[in-house]
Amino acid sequence: MAQVLSTSQQVSFGVGDGRVPLRWTPHFGNCVSTDIAASCFRLYPDVEAIARVSIGDLEYTGRRGQEYKTEYITFNDSDSANTQYTPIAGSVDVDLSFAFDSNGDVLVDISFHHNADTGEIVASAKFTGAIRVEYITAYRIYSYKPYVDRLGTGISSGYYAEYGTLVAFYQGNITTYTIEPPEVTHPQRHTELYRVVSKYITNENGAWEYPDTWPAGTWPDAGAPADGDALSIHERVHEVGYLQLYASGNVQFNKYLARNEQPKVAIPTYSPSYEAKWTGDNILDSSDWSREYASVDLQSIISRLESEYPGISGTDNANSGS
Amino acid sequence: MTILAAELKLYKSSVVNDIGSNGAGMSANQIVTGVSNNIFPNIPQAERLAGSTKYRKAFYKVANDADETLANCKVFMTKQTPSTDMVTFFAGTQTEVRSTVSADGITDTKDHYGVGDLNADVSAAANVFDVLVENDAVETIFRDGDEIRISDQATLGGAGNEEFHTINTVTYVSNVATITIVGTLANAFTTAGGTHVASVLSVSDIVSSGDTFAVTSTAGTYDDTTYPLLADNIGAVEETVTLTFTSATAFDAVGSISGAMGSGAIGGDFSPNNADFTKPYFTLSTAGWGGTWATSDTLVFEVRAASTPLWCKRHVPAGATNVSGNNFKIALRGESI
């Protein structure tokens, strides 16, 4: 007699459900920004997320980076787990540290793969244990400037800054990061603004000034080295201008002078080719300068540099800065 | 030993991708019900907004250790996706790839099967009812002469009623199909009761076997009529097997899909092991050998797997709604004889 039997399978998948975990972190190191006052933050992973900030200005710098990560992640009677950051497909390398089954018996025959759709590390079976994961993750860099305004008037006036919270949204997933004000236990922070430099040359016999039209120019020094000698070109610093940022948000300009590094030339009227190197790109073009550093008169700084360093270059284009 | 429901298993194809080579033969990877992405991948936001079409091949396998036959087999869907995407299925062949089914990966000329919802309550003894389908403009799932399943069972074989009928005529107005069946309904069905109406694909009996024996030998014979190949329902792979003699009594076996299967001799039954399941691919009886075999003689035969191949097709319209845990259900029904 025939027996009727049947089976059914539920086929599951997500529609727009490949949720990518987002994460903001501070970015330390070089950061291309249109303003030296900006702080930089990384948004993991490298996706076109919607990024906003509650107060201040947030700007996508257009820079992307990759970073190697190594971390240990645990499985608790499960067959999938997530790394802290989203791995790039094909970059994941897994080493099993230890694994036990539900009876406490040691397991050794477990394989792993990275599901690029879900971002999960998937095991071939449920287990309890830990794995070491090496992978590459990608991020985007955003620059952030707090909101700065004048407080009070006259001699008692000052400046204050308000810091906001970063928000990122991508495919139904959201993350936030609250930006902390500068460390108030320190009375002030220094931020280099520019440095004035010029060049000189050395060989085994000593130092000489750098010809203006090197290498074909005239040597300004007596006893200059003969052509073809082994030479090294150096850059010396004459002055460093910097900003002092106080806990109150007030900003003040100051400078260091390096008088002992004046040109070593026999002619007192000789002036080397000075160059102003700015620490941030497009500083002089920044329309935000007056709002951010209203207490710092940039034009007077430039005028003084042009007066004290005849023929100085770089005062009309901060892109020459390094 | 009768077949158990748990022995009816769904397997992935050996090639799974979005290009023409997608499909081919059955793999050893079982599709476990309810597991996310067990057939189709997720639909990322960009794909959801742009729309897409994907094909995936799957095989219903009768993994019965006694090599019993599943007869009167019917495949149908019992649940459509909750999202605005649409999944249908159609019959495949054991080894075809997507490029032979759909050259562009979007369109094909197959008869598609799917499921819709009863659009208005229907009384017992009625023979006409309306079914709301997802998108008739994409795929037509009901045709004159098709068998249909109407059921208000929440789970297959659970509480509720289930009836199978033949479509006499079907007409469409937009996405509502008006179906006139041959005969009448035995039960009343309601929309509130979650009644689904599915078109049913009938497939041939599912059991492993062997055929098309071809001998290349001056004096050797094999009597496959009296001693047919005993293919294993669990271990058999749909492929061509070639036995090449290395002496008067010994031979090497190679499968067109499985590759080298080891060596055998006419002095004993030959049962090469399928390591994926720790079961033999088949057993060739020693009693079938006759005549005189010589080096380089060959015996070639076809092995039929205990499976029926299906193609699933997912159509995601541009701007489909965002749904987490999207899913559909497909079912196999048969009789153990």
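Student: In this predicted model, which ring does the charged end of Lys61(B) sit over?

Tutor: Good place to start! The charged end of Lys61(B) lies 3.7 Å from the centre of the ring in question. That ring belongs to Phe277(B).

Student: And how far is the charged end of Arg42(A) from the centre of the ring of Tyr139(A)?

Tutor: Here the charge is carried by an arginine of chain A, Arg42(A). Its charged end sits over the ring of Tyr139(A), and the distance to the ring centre is 4.1 Å.

Student: Let's turn to ring pairs. How many aromatic pairs does the structure hold over all chains?

Tutor: The count covers all chains, and it comes to 28 aromatic pairs. One of them is formed by Tyr222(B) and Trp289(B). With 5.0 Å centre to centre and 80° between the planes, that pair is edge-to-face.

Student: How many residues apart are Tyr222(B) and Trp289(B)?

Tutor: Tyr222(B) is in strand 13 (residues 219-222) of chain B, while Trp289(B) is in strand 21 (residues 289-292) of chain B. The pair therefore links distant parts of the chain, and Tyr222(B) has a relative accessible area of 8%.

Student: Is Trp289(B) buried or exposed?

Tutor: Buried means under 20% relative accessible area. Trp289(B) has 12%, so Trp289(B) is buried.

Student: What kind of pair do the rings of Trp289(B) and Trp293(B) make?

Tutor: Their centres are 5.3 Å apart and their planes lie at 85°. Planes over 60 degrees apart count as edge-to-face. So the pair of Trp289(B) and Trp293(B) is edge-to-face.

Student: Which aromatic cluster takes in Trp289(B) and Trp293(B)?

Tutor: Both tryptophans are buried, and they belong to one cluster together with Tyr222(B). Its members are Trp289(B), Trp293(B), Tyr222(B), Phe213(B), Phe245(B), Phe251(B), Phe270(B), Phe282(B) and Phe301(B).

Student: Finally, the surface: about what area does the nonpolar patch of Ile50(A), Phe169(A) and Ile174(A) have?

Tutor: Take Ile174(A), found in strand 12 (residues 173-178) of chain A. Ile174(A) is exposed, because its relative accessible area is 52%. Together with Ile50(A) and Phe169(A), Ile174(A) makes a nonpolar surface patch of about 280 Å².

Conventions. Residues numbered from 1 in each chain as written. Chains lettered and ligands numbered in written order. Predicted model: local features only at pLDDT ≥ 70, side-chain atom pairs only at ≥ 80, totals over all residues. Heavy atoms only, no water. Patch = residues over 30% accessible without salt bridge, like charges linked within 9 Å, V, L, I, M, F, W, Y side chains within 5 Å. Areas by Shrake-Rupley, 256 points an atom, 1.4 Å probe, with all protein chains shown as cover. Salt bridge = Lys/Arg side-chain N within 4 Å of Asp/Glu carboxyl O. Helix = DSSP H or I, 4+ residues; strand = E, 2+ residues; numbered from the N terminus. Buried < 20%, exposed > 50% of the residue type's maximum accessible area, 1.4 Å probe, protein only. Phe/Tyr/Trp six-rings, centres within 6.5 Å; stacked < 30°, edge-to-face > 60°. Lys NZ or Arg CZ within 6 Å of the ring centre and 35° of its normal.
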